[in-house]
Amino acid sequence: MAKFKEAPAGATGAQQLLNWIDNRFPLSKLYNEHVGEYYAPKNFNFWYIFGSLALVVLVIQIVTGIFLVMHYKPDANLAFASVEYIMRDVPWGWLIRYMHSTGASAFFVVVYLHMFRGLLYGSYRKPRELVWIFGCGIFLCLMAEAFFGYLLPWGQMSYWGAQVIVNLFAAVPFIGPDLALLIRGDYVVSDATLNRFFSFHVIAIPLVLIGLVVAHIIALHEVGSNNPDGVEIKDKLDAKGRPLDGIPFHPYYTVHDIFGLSIFLIVFTGIIFFAPEAGGYFLEYNNFIPADPLKTPSHIAPVWYFTPFYSMLRATTDPMVNVLCGVIAIGAILGVLKGGFRPAAKLVILVAAAAAVFLLKVFDAKFWGVVVMGGAVVILFFLPWLDRSPVKSIRYRPQWHTYLYGVFVVYFLVLGYLGIKPPSEIGTLIAQAGTLFYFGFFLLMPWWSRLGTFRPVPDRVVYVAH
């Protein structure tokens with residue numbers, strides 16, 4: 001039997017209670033490891049508030065979701081009416097529903113900014129590869145959670161948006177029709193689909209999401225946080241083994257995060273009370289009309305946080321596939337003639353290029369659109385091994401790297417905007433250019449990330465009091 005630690009003489013009731021708990025559960029130990037004695041770099045800036053904000057929004061979504069489930073009916077004949085009942089008759093139901101719908105968009109805003117910060121400062125680099133992979137898993141689960149939840153209001157855009165997205169799976173060769181049927185549970189989006197999506201949205205995905213969040217935080221605290229300089233603070237320790245450039249997370253960064261949270265809540269509540277639909281971007285006007293399988297909306301588009309990837313899907317047309325075939329062929333020829341490879345390597349390049357062109361022409365553009373849309377997310381998992389830069393942070397990279405990241409952001413925003421709008425010839429051309437740039441940014445990263453003159457990285461973090 002383990003030896004219990006006795007409370008000190010004269011201990012207060014609270015101290016005795018804490019001692020009693022610590023003898024049975026490592027409460028103080030967990031607090032010290034992850035908060036009180038967790039040393040974070042002292043040069044964090046405002047980019048580092050979005051991780052804690054994501055955790056706050058997750059809690060908001062779970063709590064509001066619990067209250068919504070109390071009144072929601074996962075039945076095709078009752079779902080839309082139950083949402084209207086929540087909005088009109090349940091005390092404060094409108095507030096709960098708007099918090100949940102606005103929270104979904106807020107979650108993606110915060111997560112996108114959190115991921116961009118990791119991209120800027122190289123937070124995916126060694127030894128934080130697993131932290132990044134868990135984070136990408138969270139992003140993937142978040143997209144699935146939002147997709148499954150999108151159908152639940154059973155409005156026009158919910159119904160037809162789900163119909164279009166599920167039908168995309170039918171483009172998968174050989175197993176596509178059966179896969180789409182499995183997802184829908186019927187030959188069309190129906191009550192069976194609603195029940196499937198409800199189960200995933202309320203039970204399955206949140207469990208996986210919470211597990212990934214816990215794994216993400218544990219992995220982060222195991223290797224320590226990155227910082228804007230990309231310097232490992234654990235390399236410089238004092239006599240007590242504490243990082244010289246680190247400060248305890250509490251109270252310094254709890255106050256820092258509370259300040260960021262207060263700003264976020266002001267904006268969040270402002271949107272909830274004054275513009276919960278955000279001009280149709282957060283809640284589409286068509287979703288206030290009951291789902292009608294016999295009446296298709298004039299323009300079907302997903303919610304804004306899916307639209308960059310939806311634009312890539314629409315941009316993958318037959319001419320785009322032909323262009324890709326030409327690019328692969330030219331690349332293979334240049335690799336053979338100018339690459340300086342051995343004969344065996346040249347043969348491998350030619351065979352691989354021929355196989356790629358063959359596959360591109362065998363399967364139709366719709367299938368490759370689905371591959372491109374999925375690949376745009378999956379490629380993020382490989383970022384730790386694609387970036388070959390000798391430094392982590394954008395601060396010490398060549399200036400043109402900053403401009404390249406800026407163009408990447410602009411193209412991503414443009415793709416998001418085009419995904420909301422009806423397709424057009426000029427829009428398709430711009431989306432195709434954006435898609436090529438998006439994948440080129442990552443696939444060519446092993447080459448361009450090593451180019452240029454890099455500034456020397458300091459031995460210790462650069463900190464200016466503010």
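Visitor: What makes helix 3 stand out in the nonpolar patch?

Guide: Helix 3 gives the most to that patch, with 5 residues. This is a predicted model, and in it the patch covers about 780 Å² and is made by Val59, Ile62, Val63, Ile66, Phe67, Met70, Ile210, Val214 and Ile218. Two elements give two or more residues to the patch: helix 3 (50-69) and helix 9 (191-223).

Visitor: Why is Ile62 called partly exposed?

Guide: Ile62, which lies in helix 3, has a relative accessibility of 35%. Buried means under 20% and exposed means over 50%, so at 35% Ile62 counts as partly exposed.

Visitor: Let's turn to the aromatic rings. How many aromatic pairs are there?

Guide: The count comes to 47 aromatic pairs.

Visitor: Why is the pair of Trp92 and Trp94 called tilted?

Guide: Their ring centres are 6.2 Å apart, and rings pair if their centres lie within 6.5 Å. The planes stand at 40 degrees; under 30 would count as stacked and over 60 as edge-to-face, so the Trp92 and Trp94 pair is tilted.

Visitor: Which residues touch the most other members of the largest nonpolar core?

Guide: Phe139, Tyr438 and Phe442 do, in a core of 108 residues. Helix 5 (residues 93-121) gives the most to this core, with 12 residues. Leaving out residues up to four places away in sequence, Tyr438 touches Phe309, Met312, Ala376, Ile379, Leu380, Phe408 and Phe412.

Visitor: Why is helix 4 described as mostly covered?

Guide: Helix 4 (residues 79-88) has 10 residues, and 7 of them are buried. Buried means under 20% relative accessible area. The buried residues of helix 4 are Ala79, Phe80, Ser82, Val83, Glu84, Ile86 and Met87.

Visitor: What covers the buried residues of helix 4?

Guide: The cover includes helix 3, helix 5 and helix 9.

How values were computed: Residues are numbered from 1 along each chain as its sequence is written. This is a predicted model: local features need pLDDT of at least 70, side-chain atom pairs count only at pLDDT 80 or more; totals for chains, interfaces and linings use all residues. Side-chain values use heavy atoms; hydrogens and water are left out. Patches are made of residues with over 30% relative accessible area and no salt bridge: like charges are joined within 9 Å, nonpolar side chains (Val, Leu, Ile, Met, Phe, Trp, Tyr) within 5 Å. Accessible areas come from the Shrake-Rupley method with a 1.4 Å probe; for residues, only the protein chains shown count as cover. A salt bridge is a side-chain nitrogen of Lys or Arg within 4 Å of a carboxyl oxygen of Asp or Glu. Helices (H or I, at least four residues) and strands (E, at least two) are DSSP runs, numbered from the N terminus. Buried means under 20% relative accessible area, exposed over 50%, partly exposed in between (1.4 Å probe, protein chains only). Rings of Phe, Tyr and Trp (its six-membered ring) pair if their centres lie within 6.5 Å; planes under 30 degrees apart count as stacked, over 60 as edge-to-face and the rest as tilted. A nonpolar core is a set of buried Ala, Val, Leu, Ile, Met, Phe, Trp, Tyr and Cys residues joined through side-chain atoms within 4.5 Å. Contact means heavy atoms within 4.5 Å.
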